[in-house]
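Take a walk through the model below, one local feature at a time. Keep the structure open as you read.

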Amino acid sequence: GGWLLLQNCHLGLEFLSELMDTITTTESMSEGFRSWITTEAHPEFPINLLQSSIKFTNEPPQGVKAGLKRTYSAITQDHLEVSNMPQWKPLLYAVAFLHTTVQERRKFGPLGWNIPYEFNQADFTASIQFVQNHLDDIDIKRGVNWSCVRYMLGEVQYGGRVTDDLDKTLLNTYARVWFGEHMFGEKFCFYKDYVIPKGKTVEDYLQYIEQLPVIDTPEVFGLHSNADITYQTNLANETLSTIVSIQPKDSSTGGGETREAVVQHLADEMLEKLPPDYNPHEVKAQLQKMGAIQPMNIFLRQEIDCMQCVISRVRTTLTDLKLAIDGTIIMSEELQDALDNMYDARIPKLWFRISWESATLGFWFTELLERNQQFSSWLQDGRPNQFWMTGFFNPQGFLTAMRQETTRMNLAKGWALDSVVLHNEVTKMMKEDVTGPPPADIGGVYICGLFLEGAGWDRRNSKLVESAPKVLFTSLPVVHVYA
């Protein structure tokens with residue numbers, strides 16, 4: 001009749017099937033018996049045990065209101081009156097607001113934190129303990145030592161988890177802007193309508209928190225309003241992706257074509273459009289003509305090798321998949337993955353590992369054709385006037401090759417590769433306006449197809465401007481990169 005508590009069951013998955021058998025085969029069981037299991041999400045957790053259980057998850061609260069409410073629900077009146085100093089209650093609220101903010105920023109992905117840190121209740125408790133001790137020890141005449149408070153919050157209590165330099169700067173900025181004598185002034189607010197309430201009891205604070213908005217704009221955390229579009233888009237994609245992945249994978253889909261037939265048509269279509277393999281002898285001969293030891297041509301050779309690898313893999317997978325659908329060969333795990341992903345318009349894992357990111361299979365395949373077009377026309381017709389740099393496997397290698405080329409051109413002037421740096425200038429030309437290579441005296445390359453995220457581009461005055469609302473990406477004109 002007691003409770004059985006099994007913790008961290010993701011570490012002992014073999015035992016869980018045994019547990020399931022014991023529970024299902026035991027003939028008589030006490031009404032008061034309960035088995036309570038704690039686990040992290042794990043793909044191999046026995047699904048029948050999961051389905052027959054009542055699930056309970058403890059997620060961090062969403063939004064400033066929910067976060068503050070949770071924090072203040074755990075604070076007692078004694079805790080609120082633990083110090084007589086007038087700074088204690090406002091500081092307690094400000095640390096609670098900081099605690100909620102650092103957790104909320106995580107939902108914005110890399111826009112919020114470069115690395116998603118596991119900030120938790122222990123950070124808040126330790127910070128509050130420090131503030132309390134500091135106020136107990138201060139000299140009334142001198143007041144609070146703000147540089148010490150900021151250092152402890154930004155570098156030690158919360159900053160102790162932070163490993164990225166830019167994230168550390170962000171935390172220290174919060175500490176600098178929100179913690180100081182100015183926080184006790186009438187005009188102080190974290191953001192419009194988010195102020196430090198003046199209350200005497202926990203109830204007063206909870207009443208104030210209750211009237212905060214349920215949904216916060218990203219500006220509350222110091223982010224641009226467009227950050228919310230990114231968050232909502234990612235959330236929707238994740239939800240739809242989960243729905244698609246749990247769809248039944250039966251052969252038949254009611255009255256229409258079977259999954260296999262749909263994928264077979266798609267495979268035929270893709271095989272028809274897939275470019276031919278590169279002939280290694282022809283590639284070598286062409287590169288000899290163009291100057292095989294030129295840095296740019298060495299780079300082209302490496303890119304063609306990567307492209308050939310993708311083309312071969314796609315051709316093999318599609319050919320084998322058609323044979324497996326016909327029943328000529330056995331459907332392996334990798335082919336099954338390709339079948340499922342192609343049916344859902346996603347990139348098969350086999351291809352993704354050796355290629356590039358893309359939203360859907362259609363976009364990915366179009367990009368394969370465009371990337372291949374750039375390499376084959378460069379090989380056949382000589383060096384292009386402009387390059388689609390995001391269409392390379394190794395864009396960094398492309399820029400290095402360009403630096404090497406410029407260094408060799410200027411060897412007589414005593415240039416050395418280590419001291420040559422990259423410069424770039426956004427021109428007023430669009431892709432269609434480029435008619436020749438960059439001026440010979442400066443050298444370098446024209447690159448196209450770059451996008452700005454989080455800013456707009458003023459073409460007339462050639463400078464960055466605020467991005468328009470609801471516009472996430474702005475297309476840049478041609479950029480002249482030289483060394």
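Predicted model: local features only at pLDDT ≥ 70, side-chain atom pairs only at ≥ 80, totals over all residues.

Start with helix H7, residues 146-157, and helix H8, residues 165-178. Their axes lie 8 Å apart. The packing angle is about 150°. Angles over 145 degrees count as roughly antiparallel, so that is the label for H7 and H8. The handedness of their crossing is right-handed.

Which residues make the contact between H7 and H8? From H7 come Arg150, Gly154 and Glu155. From H8 come Lys168, Leu171, Asn172, Ala175 and Arg176. By class, this contact holds four charged residues, two polar ones and two nonpolar ones.

Stay with H7 for one more residue. Val156 also sits in this helix. Its relative accessibility is 35%, so Val156 counts as partly exposed. Now look from Val156 to Met409, 253 residues away along the chain. The C-alpha atoms of these two residues are 51 Å apart.

Next comes helix H12, residues 280-290. Which of its residues are buried? They are Val283, Gln286 and Leu287. These three span an arc of only 95° around the axis, and therefore lie on the same side of H12. The spacing follows a general rule. An α-helix has 3.6 residues a turn, so residues three or four places apart point the same way. The other side of H12 carries His281 and Lys289, both exposed. What do the buried residues of H12 pack against? Their partners are helix H13 (295-326) and helix H16 (361-381).

Finish with the backbone in two loops. Most residues other than glycine have a negative phi. Asp193 has a positive one, near 75°. This residue belongs to the loop between H8 and helix H9 (202-210). Asp193 counts as exposed because its relative accessibility is 63%, and the cut-off for exposed is over 50%.

Ser462 also has a positive phi, near 50°, and is a residue other than glycine. Look for Ser462 in the loop between strand S7 (456-458) and strand S8 (463-465). Is Ser462 exposed or partly exposed? At 30% relative accessibility, Ser462 counts as partly exposed.

Terms used:
Residues numbered from 1 in each chain as written. Heavy atoms only, no water. Axes fitted to C-alpha atoms, helices over the stretch in contact; angles between N-to-C directions. Helix = DSSP H or I, 4+ residues; strand = E, 2+ residues; numbered from the N terminus. Parallel < 35°, antiparallel > 145°, perpendicular 65-115°, else oblique. Left-handed = near helix turned anticlockwise from the far one by under 90°. Contact = heavy atoms within 4.5 Å. Nonpolar A, V, L, I, M, F, W, Y, C, P; charged D, E, K, R; others polar. Buried < 20%, exposed > 50% of the residue type's maximum accessible area, 1.4 Å probe, protein only. Arc of directions from axis to C-beta.
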